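This briefing is intended for a reader who is new to the structure displayed below. Please keep the sequence and the model in view while reading the points that follow.

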Amino acid sequence: MFTVKPDFFDKFKCIADKCTDSCCIGWEIDVDEVALEKYNKINTAFGDEIRNTITESEDGSNCFKLAEEERCPFLNENNLCDIIINCGESYLCDICREHPRFYEWFAGVTECGLGLSCEEVCRILLENEEPFALIQESDGEEIVLESQEDIAESDTYIFLSAFREKMFEIIFDKEKTLEDKLVNVLSNAEAFCREKIKIRNYKNSLALYKKTEPIDDSWTAFINALSDSCESVLKFEKEFQENTNGDMLYSKIFAYIIYRHFIKAVFDESIIERICFAVESVRFIRLCDMKTYSEKGELTLRDRIENLKNWSKQIEYSEENTDLLIYGE
């Protein structure tokens, strides 16, 4: 069996209370069966406290009852986890232990990554302008494909991952501008699929973003403001490009989106749709940065992280929103 991961995957470590955001606020926290069994064996007052906060979610699974402001009940006033403090990290639920890591399973291959809803992951990705690479590791076990479906899935995965590598070569070409890279990726996709591609312009893209389901009201307000000011923001594009020099940073974001989302075409053949999603997404994120620049006259790394993180939280962590932007209405 093989594992594929970006070369920065193992650099990640949660920064806990040093984070300006928190993945322990605003999200439903599922309690998996292994964690539940551990909680049921804690014969202390804290064990009673854990069990008393477990409830049933809408889909019938177990989860924690969130406290005020949708905080995890075990996120203390110092933004540290009381479960870790009292019991150790081994008592965390799967979702808490793994986040922001994500996994995608194919016949004989597991792909791993780090989600950009986490500001520390954004920092790791953006802190320098060097490209990242994919690392492939083997656990030594022989890959056994037991059915025709597995064989077909494996063949499709190999085929698409080879094309993904071709896209990475284009994306990380330091001699090309970001716009050249986007155009070249689309041209190669047209040749690859023998199909003409048409991507959405900013106006149509923003109209679709307005239809996404927001995590909170601030996203709706931001999209509306960006839509209203789009024309004036784009007037700063040349100045923005000259003063921020972010082509390689957007290239890395582009490559990340391709890495996370393109290979899922193995399951539904949505090659064109997923490449368009990646192109339109990186253009949207860049537009968000331009809006920040137009308002502040500068764009800091902190600003970039905030815009990238907010996009990921609102879009990538909602299957409905991601599907809307990939497949359209």
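Strands E1 and E6 pair in the antiparallel sense over five bridges, where pairing requires that DSSP finds at least two bridges between two strands. Helices (H or I, at least four residues) and strands (E, at least two) are DSSP runs, numbered from the N terminus. This is a predicted model, in which local features need pLDDT of at least 70 and side-chain atom pairs count only at pLDDT 80 or more, while totals for chains, interfaces and linings use all residues. Residues are numbered from 1 along each chain as its sequence is written, and side-chain values use heavy atoms, with hydrogens and water left out.

**The sheet**

- Four strands form an open sheet with mixed pairing, in the order E4-E5-E1-E6.
- Strand E4 (101–106) and strand E6 (134–138) are the edge strands, each pairing on one side only.
- On average, and with direction ignored, neighbouring strands of this sheet are turned by 20 degrees against each other. Axes are lines fitted to C-alpha atoms, for helices over the stretch in contact, and angles run from 0 to 180 degrees between N-to-C directions.
- Strands of a sheet pair through backbone hydrogen bonds, either parallel or antiparallel.
- E4 pairs with strand E5 (residues 109–114) in the antiparallel sense over six bridges. Phenylalanine 102 has glycine 113 of E5 as its bridge partner.
- E1 and E5 run parallel and are joined by three bridges.
- Phenylalanine 2 stands opposite valine 109 in E5, and its bridge partner in E6 is serine 138.

**Threonine 110 in the sheet**

- Threonine 110 is placed in strand E5.
- Buried means under 20% relative accessible area, exposed over 50%, and partly exposed in between (1.4 Å probe, protein chains only).
- Not counting residues up to four places away in sequence, threonine 110 touches Phe2, Thr3, Val4, Tyr103, Glu104 and Trp105. Contact means heavy atoms within 4.5 Å.

**Helices H11 and H7**

- Helix H11 (residues 247–261) lies across strand E1 (2–6), E4, E5 and E6, and runs at about 140 degrees to E5.
- The axes of helix H7 (residues 178–193) and H11 come within 9 Å and cross at roughly 30 degrees. H7 is therefore roughly parallel to H11. Angles under 35 degrees count as roughly parallel, over 145 as roughly antiparallel, 65 to 115 as roughly perpendicular and the rest as oblique.
- H7 makes the contact with Leu178, Lys181, Leu182 and Val185, and H11 with Asp247, Met248, Tyr250, Ser251 and Phe254.
- The residues of this contact of H7 with H11 comprise six nonpolar, one polar and two charged. Ala, Val, Leu, Ile, Met, Phe, Trp, Tyr, Cys and Pro count as nonpolar, Asp, Glu, Lys and Arg as charged, and the others, Gly among them, as polar.

**Helix H6**

- Helix H6 (residues 148–171) has 24 residues, which at 1.5 Å a residue should span 34 Å, and this agrees with the 34 Å between its end C-alpha atoms. The expected span is 1.5 Å times one less than the number of residues of a helix.
- Among the buried residues of H6 are Tyr157, Leu160, Phe163, Arg164 and Met167.

**Methionine 290 in helix H13**

- Methionine 290 lies in helix H13 and is buried, with a relative accessible area of 0%.
- Apart from residues up to four places away in sequence, methionine 290 touches Tyr202, Val233, Leu234, Glu237 and Phe240.
- The C-alpha atoms of methionine 290 and glutamate 190 are separated by 29 Å, the two residues being 100 residues apart along the chain.

**Loop residues and backbone features**

- Serine 117 is found in the loop between E5 and helix H5 (119–126), and counts as buried at 8% relative accessibility.
- Leaving aside neighbours within four places in sequence, serine 117 is in contact with His99, Lys309, Ser312, Lys313 and Tyr317.
- Histidine 99 and proline 100 are joined by a cis peptide bond, with omega about 10 degrees. Proline 100 lies in the loop between helix H4 (94–98) and E4.
- Glutamate 69 has a positive phi of about 60 degrees although it is not a glycine. Glutamate 69 lies in the loop between strand E3 (62–64) and helix H3 (82–87), and counts as exposed at 68% relative accessibility.
- Glutamate 269, not a glycine, likewise has a positive phi of about 60 degrees. The loop between helix H12 (265–268) and helix H13 (271–296) holds glutamate 269, which is exposed, with a relative accessible area of 70%.
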